[in-house]
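Below are some notes for a colleague who is going through this model with the coordinates open.

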Amino acid sequence: MATSVIPNPHPALTLMQAVALGLLRDGFKQRTITARTGIQADTLYALAVLHDITAPCGTVEGHDCHEAREEEPCAPCTHAHGRAHARQHAQRRRTLGAVPRSLRPRGREGRRAVR
Ligand SMILES: [Zn+2]
């Protein structure tokens, strides 16, 4: 009698992928995880969904885990994401402010008008 092959629901993780998921669950920054393990953000979040792992809520990583699961981010995660977004925006504004208008990247005005 042939032994039936038990289907494996998840592809086996590489050591680095397993490490990356552990770091994500422990609340490390995605950038730190990518630097340490070489796992890129999109792969990381896809694996997190597959293996039912989430980053702690109230972090940008937590927010991205919600998004990867296609669910509505909870309030702490939304706030964390909003803060990070505002910080990026402020940095960009500061950088652009030092550059004469004529030298600024094209398309930025148009994008603002769309908003
Ligand atoms: Zn959350």
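1. Helices are taken here as DSSP runs of H or I with at least four residues, numbered from the N terminus. The model is a predicted one, and in it Leu-23 lies in helix α1.

2. On that basis the protein has six helices and zero strands, and its elements, read along the sequence, follow the pattern α-α-α-α-α-α.

3. Buried residues account for 18% of the 115 residues in the protein. The largest nonpolar core has twelve residues, namely Ala-20, Leu-21, Leu-23, Leu-24, Ile-33, Ile-39, Leu-44, Tyr-45, Leu-47, Ala-48, Ala-55 and Cys-65. The elements that contribute two or more residues to this core are α1 (15-25) and α3 (41-50).

4. Leu-23 deserves a look of its own: Leu-23 counts as buried because 21 C-beta neighbours fall inside 10 Å, where the cut-off is 20 or more. Not counting residues up to four places away in sequence, Leu-23 touches Phe-28, Ile-33 and Arg-36. For Leu-23 and Ile-33, which are ten residues apart along the chain, the C-alpha atoms are separated by 6.6 Å.

5. Tyr-45, another member of the largest nonpolar core, is in contact with Asp-64, Cys-65 and Ala-68 once its neighbours within four places in sequence are left aside. Cys-65 is also listed in that core.

6. As for the protein as a whole, among contacts with a separation of 6 or more, 26% are between residues 24 or more positions apart.

Technical notes. Residues numbered from 1 in each chain as written. Predicted model: local features only at pLDDT ≥ 70, side-chain atom pairs only at ≥ 80, totals over all residues. Core = buried A, V, L, I, M, F, W, Y, C linked by C-beta atoms within 7 Å. Contact = placed C-beta atoms within 7 Å.
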